[in-house]
Amino acid sequence: MDNNTILQNSMSGFRAVAALIFLSASLTYGQMEPLTSSQNAQKTAGDILLFTLPAMAMGSTFIWQDGQKGTYQFSKTLTATLAVTYGLKLAINKERPNKENNYSFPSGHTSVAFASAAFVQKRYGWEYGIPAYLLAGYVGYTRIEANKHDGVDVVAGAAIGIGMGYLFTKRYEGQKKLRISSGFMENTPTIGLTYKF
């Protein structure tokens, strides 16, 4: 398979994932109670990470140039995560803490964030998975802070995302081209990225 075919197939998968995330976000929007400025900032950060984490997970398949396998695995992970999450939302019909609708359980933002983190961790290792899981955990926190979900909704979303990530993702066996390092420079914590061409 030539590079153009791989790139075209990868871009098709990326567009499908972006469309699924957009649809999932549109199903959960609408706020009944006004938020404080802090809650609104938290909600906005969580909404941004809802799109950023899957984009980073999909982008990682291009960084490592692992062909269609990584892209296909992430597409299956995200599709299954969204199907299970929204199937449960419709079946369980739990009211949100802010009373805006009955789609509280499980948290869709959290399930997508943790599916992305689980994909990165299982595919490329814990050195990349830990930062991804920290960001996914923050997404769950923002959903509680914005009064969209309670702890049970967030834990269930995390479990679904991690489960689907582990179910559909295989470890990448190629040579890693990206390295992450950390340290201190003049008593300031630093993070470094090194890419081998």
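**View 1. Phe119 and Tyr124 are both buried.** Buried stands for under 20% relative accessible area, exposed for over 50%, and partly exposed for the range in between (1.4 Å probe, protein chains only). The model is predicted: local features need pLDDT of at least 70, side-chain atom pairs count only at pLDDT 80 or more, and totals for chains, interfaces and linings use all residues. Residues are numbered from 1 along each chain as its sequence is written, and side-chain values use heavy atoms, with hydrogens and water left out. Phe119 and Tyr124 make an edge-to-face aromatic pair, 6.1 Å centre to centre with 85° between the planes. Rings of Phe, Tyr and Trp (its six-membered ring) pair if their centres lie within 6.5 Å; planes under 30 degrees apart are stacked, over 60 edge-to-face, the rest tilted.

**View 2. Phe74 and Phe119 pair across two helices.** The whole structure holds six aromatic pairs. In the pair of Phe74 and Phe119, the ring centres are 5.1 Å apart and the planes stand at 55°, so this pair is tilted. Phe74 sits in helix H3 and Phe119 in helix H4, so the pair ties together parts 45 residues apart in sequence. Helices here are DSSP runs (H or I, at least four residues), as are strands (E, at least two), numbered from the N terminus. Both Phe74 and Phe119 are buried. One aromatic cluster takes in Phe74, Phe119, Tyr124 and Tyr172.

**View 3. The largest nonpolar core has 24 residues.** Such a core is a set of buried Ala, Val, Leu, Ile, Met, Phe, Trp, Tyr and Cys residues joined through side-chain atoms within 4.5 Å. Phe74, Phe119, Val120 and Ala136 have the most contacts inside the core. Helices H2 (37-63), H3 (67-92), H4 (108-124) and H5 each give two or more residues. H4 supplies the largest share, eight residues. Beyond its neighbours within four places in sequence, Phe119 is in contact (heavy atoms within 4.5 Å) with Ala57, Ser60, Thr61, Gly70, Gln73, Phe74, Tyr124 and Thr169.

**View 4. Lys43, Asp47 and Arg143 form a salt-bridge network.** A salt bridge is a side-chain nitrogen of Lys or Arg within 4 Å of a carboxyl oxygen of Asp or Glu. The whole structure has five. Lys43 bridges to Asp47, with the closest N and O atoms 3.1 Å apart. These two residues are four apart in helix H2, which means about one helical turn between them. Arg143 also meets Asp47, at 3.7 Å from N to O. That pair links helix H5 to helix H2 over 96 residues.

**View 5. Asp150 and Lys94 join two loops.** Their salt bridge has its closest N and O atoms 2.7 Å apart. Asp150 lies in the loop between H5 and H6, and Lys94 in the loop between H3 and H4, so parts 56 residues apart in sequence are tied together. Asp150 is partly exposed at 27% relative accessible area. Lys94 is partly exposed at 25%.

**View 6. Trp126, Ile130, Leu134 and Tyr166 make a nonpolar surface patch of about 450 Å².** Patch residues have over 30% relative accessible area and no salt bridge; nonpolar side chains (Val, Leu, Ile, Met, Phe, Trp, Tyr) are joined within 5 Å, like charges within 9 Å. Areas come from the Shrake-Rupley method with a 1.4 Å probe; for residues, only the protein chains shown count as cover. Helix H5 (residues 126-145) gives the most to the patch, three residues. Tyr166 belongs to helix H6 (residues 151-168). Tyr166 is partly exposed at 36% relative accessible area.
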